[in-house]
Amino acid sequence: MNVAVHIFNVLIFFLGESLSEPSNKKFPENFKFGVATAAYQIEGGWADDGKGVSVWDQFAHTYPDRVANGDNGDVACDSYHRYLEDVEMLANMGVNHYRFSLSWPRILPTGYTNQINEAGVTYYKNLISALKENGIEPFITLYHGDLPQTLQDIGGWPNPLLADIFAEFARTAFSLFGDDVKNWTTINEPKQTCITGYGLGNSAPGAPASGIGEYDCMHTLLRAHAKAYHIYDEEFRATQNGRVSIVLDTAWFEPASDSEDDIEAAERALQFEHGWCAHPVYHPDGNYPQVMIDRIAERSQKEGFSKSRLPEFSAEEVDYIRGTFDFLSLNTYTTNLAKWTTDHEIGTPGYYADLSVSTYQDPSWNGSAWIKVVPWGLRKLLNWIDQTYDHPEIVITENGYADDGRLDDPDRINYYAEYLTAVLESIYEDGLNVTAYTAWSLMDNFEWTSGYTIKFGLYQVDFENPNRTRTIKSSADYYKNVIANKCLVDTCEE
Ligand code: GBH
């Protein structure tokens, strides 16, 4: 981090600390608001009408002990049968867009295009037309965690062949739905898939290969994304006129002190946690961040590997991947502190050992679970992204707050008011090009290994009731007003 950026950050840190009132500025006229969900977290119907098995079906059924209360997404919010209720809720809030994901094995039960499941196609076509009838833009994620199990059986994402197989799925989806869909993202949070799925292996598909699997996984995912982007460019853009990006997630990493070491540690954490997937796509130079290339090569050598555990892109691949975005898509929830530590000893390889930064949250920060309410962190992150990636258009594709699912949820309202205030400040005071905001989530849903124990919804879902009854929360009423007035408080400056 250069000195100017750091001084700026110190300045907005103090500004941020003193600001607790929501902004009374109006969002720009063309600013868009939406909400998000993901297929496995809401659809249920896990074996209905010819759907194939996903790695999440398999993982939750095989290892119930690895998900809170042994729960799974077999029924979830039952949106496969109740999507019209979802559309009613979306229409009630007046959202501009609905970000949802496609279940790859619901459309292609074998993972390949040899077999198209018409019932799955019909489901998404019906959802899309119900959205359009209500003036809601569908915003589709092609892949949000639920890989067809058949493709895991050949190794999953660390297998480089998956890039082409994903590209064929992407082509199928563009051609089936693209006339009605103008906003596409290819892959949700590749870092989460790779670290939890193939590095630590504590989440689906549960294939731990620490220090190796996560890097191989990311390598394929980036190539898969780029292929899908180029297919859109070459075969669909002229007729469909949509936009394509990849959804990356990161927290903000604040230096634990203003020592040079902690500043370096925070920047390294950002490069590992965001740059790993962002730099190859969003940075004008492309490729992995130099700090990752150097550190992983050095540690691999000391560990006795014949080459770096971080795979290498050819010059052609760097070119092919960089710039494959029409906007920058960001999921972010909270802030961590980053403190310099001595490098982890050479021993078991691993992503966190390669990073060797100690990260934690300030005990004085309010919040729930891992989500501490640190809105100035969002403003700093947006500024860091703007500077690091050459002023892209930024679309926030997820941001939200977890609690126990209560209907009266002032903490969630406060979170949205504070984080949206940070968005307004980044637009009006910092001049950033943030054009849309997407709240996670439309309704309470299956929160991966946390099962149904933590709730992000603007609507409550009764998971004990076979009808999966949805009930509006106070936060949904608040968000509805924000959208209608483009304003966070009762009256905004005109
Ligand atoms: C996103 O993942 C997902 O896209 C979405 O599906 C998910 O429901 C949503 O966010 C809410 O989690 O500090 O050890 O307790 C976010 C991934 C999961 C990353 C939780 C940070 C904290 C684990 N995040 N994790 S811990």
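How many salt bridges does a search of the whole structure find? The search finds 32, a salt bridge being a side-chain nitrogen of Lys or Arg within 4 Å of a carboxyl oxygen of Asp or Glu.

Before selecting anything, note the ground rules. This is a predicted model, in which local features need pLDDT of at least 70 and side-chain atom pairs count only at pLDDT 80 or more, while totals for chains, interfaces and linings use all residues. Residues are numbered from 1 along each chain as its sequence is written, and side-chain values use heavy atoms, with hydrogens and water left out.

**Stop 1: Glu398 and Arg99**

Select Glu398 and Arg99. They form a salt bridge, with the closest N and O atoms 2.9 Å apart. Glu398 sits in strand S12 (residues 394-398) and Arg99 in strand S2 (residues 97-101), so the pair links distant parts of the chain, 299 residues apart. Helices (H or I, at least four residues) and strands (E, at least two) are DSSP runs, numbered from the N terminus. Glu398 is buried at 4% relative accessible area. Arg99 is buried too, at 0%. Buried means under 20% relative accessible area, exposed over 50%, and partly exposed in between (1.4 Å probe, protein chains only).

**Stop 2: Asp262 and Lys339**

Move to Asp262. Its salt bridge partner is Lys339, and the closest N and O atoms are 3.8 Å apart. Asp262 lies in helix H11 (residues 260-282) and Lys339 in strand S8 (residues 335-340), so the pair ties together parts that are 77 residues apart in sequence. Asp262 is buried, at 3% relative accessibility. Lys339 is partly exposed, at 36%.

**Stop 3: Asp343 and Arg295**

Now pick Asp343. A salt bridge joins Asp343 to Arg295, with 2.9 Å between the closest N and O atoms. Asp343 is in the loop between S8 and helix H14 (351-355), while Arg295 is in helix H12 (residues 290-303), 48 residues apart. Asp343 is partly exposed at 42%. Arg295 is buried at 13%.

**Stop 4: a network**

Select Asp78, Arg82, Glu85, Asp86 and Arg470 together. Salt bridges link them in a network.

**Stop 5: the largest pocket**

Show the surface next. The largest pocket has a volume of about 1200 Å³. On a 1 Å grid over the protein atoms alone, a pocket is an open set of points where a 1.4 Å probe fits, with protein on both sides within 12 Å along at least five of seven lines; lining residues have an atom within 4 Å of a point. Grid points are joined across faces, edges and corners, and the volume is the space filled by probe spheres set on the points.

Of the 45 lining residues, Glu189, Gln192, Thr196, Asp249 and Trp370 lie nearest the centre. Helix H3 (55-62), helix H9 (190-199), H14 and strand S9 (357-360) each give two or more residues to the lining. H9 supplies the largest share, six residues.

**Stop 6: the ligand**

Select the ligand and its surroundings. There are 13 residues around the ligand, and Gln41, Glu189, Glu398, Glu447 and Trp448 come nearest. Here, near means a heavy atom within 4 Å.

A polar side-chain atom of Gln41 is 2.7 Å from a ligand oxygen. For Asn188, a side-chain N or O atom is 3.0 Å from an oxygen atom of the ligand. For Trp440, the distance from a polar side-chain atom to a ligand oxygen is 3.2 Å.

Terms used: A polar contact is a pair of N or O atoms within 3.5 Å; within protein, one must be able to donate a hydrogen and the other to accept it, and residues adjacent in sequence count only if both atoms are side-chain atoms.
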